[in-house]
Amino acid sequence: MWAYESVFYQIYPLGFCGAPFENDGEEKARILKVNHWIDHILKLGANAIYFSPVFESDTHGYNTRDYRKIDVRLGTNEDFAKVCKNLHEAGIKVVLDGVFNHVGRGFWAFQDVLKNRESSPYKDWFHIHFSGNSNYNDGLWYEGWEGHFDLVKLNLRNEEVISHIFSSIQGWVEEFDIDGLRLDVAYCLDKDFLKRLRTFSKGLKEDFFLLGELLHGDYNQFVNDEMLHGATNYECYKGLYSSFNSMNMFEINHSLLRQFGPENWTLYKGKHLLSFVDNHDVTRVASILANERHLPLIYALAFGMPGIPCVYYGSEWGAKADKKEGDPALRACFEEPVFNELAQWIASLAKAKKGSKALCYGDFSSTVLTNKQCIFERKVEGERVLVAINGDDQPYVAHFNAKCGTAKDLISGSPIDFGGGLDMPPYSAMFLLMEK
């Protein structure tokens, strides 16, 4: 699967393009802005892009009005097709947000139900009781997602709903040549629907990638040979920043061992979860880390651990935003990309990740662990890489059985001689390709 050897770049298009929050119906080809960022994305080392919602919606994209029409605030289907064509020609795969658990109140079929009530042919597309009332005083009750009644829950057991969604996806492949889907609130989706989606999408493209948004619980319920290929690794997201802020590398190490460690009972060994330090729903990492010197290190950890790394637009140069400021702050519009020292560092990590079989597929085992340092091994047949992190402001010498005396740092390209131990400078990270 191509995704297992990729580095993702996430864009939230409505924010990225500076679109107005409310959909006023005015069409403007803002999505073409992505074309001007392709060189930056390539320079960063990303070879796949995940677009948050692009289809016609009421406001923020997750309240869909029409699965078959690009949001007018972003432009037309033809505009987005040009963007996807340019991305593909640059060697960048395209993954879209599949928002199938719910739609917006402006969704055409729901509007028909509001107008025609029991006589609407779409009344069974939703979970509706005509004897009740909604928060919007519709004269009927319907199920909203987690109590949000601007998000109308779809009935994914209804064959007409499934057919409409699947034919929409087929249209996205035909019109935009997309390579996969990130499934919004996948933990809410009907499992039989996901099984059918896996079979259907494989028929469209053999290597069509399905990634689920999962938060807590056992990801194996959704990530398996019948359903999703991968999921968002929220457990390790918390462990990544918390381990640096508390200077307790035991936390993230515990999560990694629990998920990918050498024991038979580990949860996700051999599976590929999405590794991230922030996204469109959480505080940007530059605003959450207590020590800015840890910013390059948290990316090194995210790229070195098992999983598929994803960088959220703007965070590669250290953009800040706090969740307390509201979602629009997290989903900002930047006029031009910035390629600074942090971005160059991430580009080096991306090159190392994509070029290493061990970093893409290797087993995980812990080698050295203190509060402020960690060294772990990623290993496949024929290749062994040690990921070494020193979060301290002091140098550290790590003593362990390296099973060889020399290595090459895949980040800097420099040779490393272990000699009397591994010298780890303050605030440093290395990906050590061990000599055989």
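Modeller: Before we look for one, a disulfide is taken here to be a pair of cysteine sulfur atoms within 2.5 Å. The model is predicted, so local features need pLDDT of at least 70 and side-chain atom pairs count only at pLDDT 80 or more, while totals for chains, interfaces and linings use all residues. Residues are numbered from 1 along each chain as its sequence is written, and side-chain values use heavy atoms, with hydrogens and water left out.

Colleague: How many disulfides does a search of the whole structure find?

Modeller: The search finds zero. For C17, the closest cysteine sulfur belongs to C333 and is 7.4 Å away, which is too far for a bond. C236 has its closest cysteine sulfur in C374, at 12 Å, and this too is too far for a bond.

Colleague: Are C17 and C236 buried or exposed?

Modeller: Residues are called buried under 20% relative accessible area, exposed over 50%, and partly exposed in between, using a 1.4 Å probe and protein chains only. C17 is buried at 10% relative accessibility, and C236 is buried with a relative accessible area of 1%.

Colleague: Which residues touch the most other members of the largest nonpolar core?

Modeller: In soluble globular proteins, nonpolar side chains tend to be buried together. A nonpolar core is a set of buried Ala, Val, Leu, Ile, Met, Phe, Trp, Tyr and Cys residues joined through side-chain atoms within 4.5 Å. The largest one here holds 137 residues, and F8, F51, F126 and Y299 touch the most other members. Apart from that core lies another of 14 residues, among them L386, A402, A407 and F418. If contact is read as heavy atoms within 4.5 Å, then Y299, leaving aside neighbours within four places in sequence, is in contact with residues including V277, V285, V311, L342, I346 and L349.

Colleague: F8 and F51 make me think of strands; which strand does β2 pair with in the parallel sense over four bridges?

Modeller: Strands of a sheet pair through backbone hydrogen bonds, either parallel or antiparallel. Helices (H or I, at least four residues) and strands (E, at least two) are DSSP runs numbered from the N terminus, and two strands pair if DSSP finds at least two bridges between them. Strand β1 (residues 8-11) pairs with β2 in the parallel sense over four bridges, and the bridge partner of F8 in β2 is A48. Strand β5 (residues 93-98) also runs parallel to β2, joined by four bridges, with V94 as the bridge partner of I49.

Colleague: Which residues lie on each side of β2?

Modeller: In a regular strand the side chains alternate between the two faces of the sheet. In β2 (residues 48-51), A48 and Y50 are on one side and I49 and F51 on the other, and all four are buried, which leaves both faces covered.

Colleague: What is the strand order in the open sheet of six strands?

Modeller: The order is β16-β17-β18-β23-β20-β21, with antiparallel pairing. The edges are β16 (363-369) and β21 (415-417); each has a single partner strand, so one side of each is left without a neighbour in the sheet. Helix α10 (residues 295-304) lies across β17 (373-380), β18 (383-390) and β23 (428-434), running at about 30° to β23; here axes are lines fitted to C-alpha atoms, for helices over the stretch in contact, and angles run from 0 to 180 degrees between N-to-C directions.

Colleague: Where is a positive phi found in a residue other than glycine?

Modeller: Most residues other than glycine have a negative phi. R117 has phi near 50° and is found in the loop between α4 (108-116) and β7 (128-129), where R117 is partly exposed with a relative accessible area of 25%. N137 has a positive phi of about 60°, is found in the loop between β7 and β8 (141-142), and counts as exposed at 60% relative accessibility.
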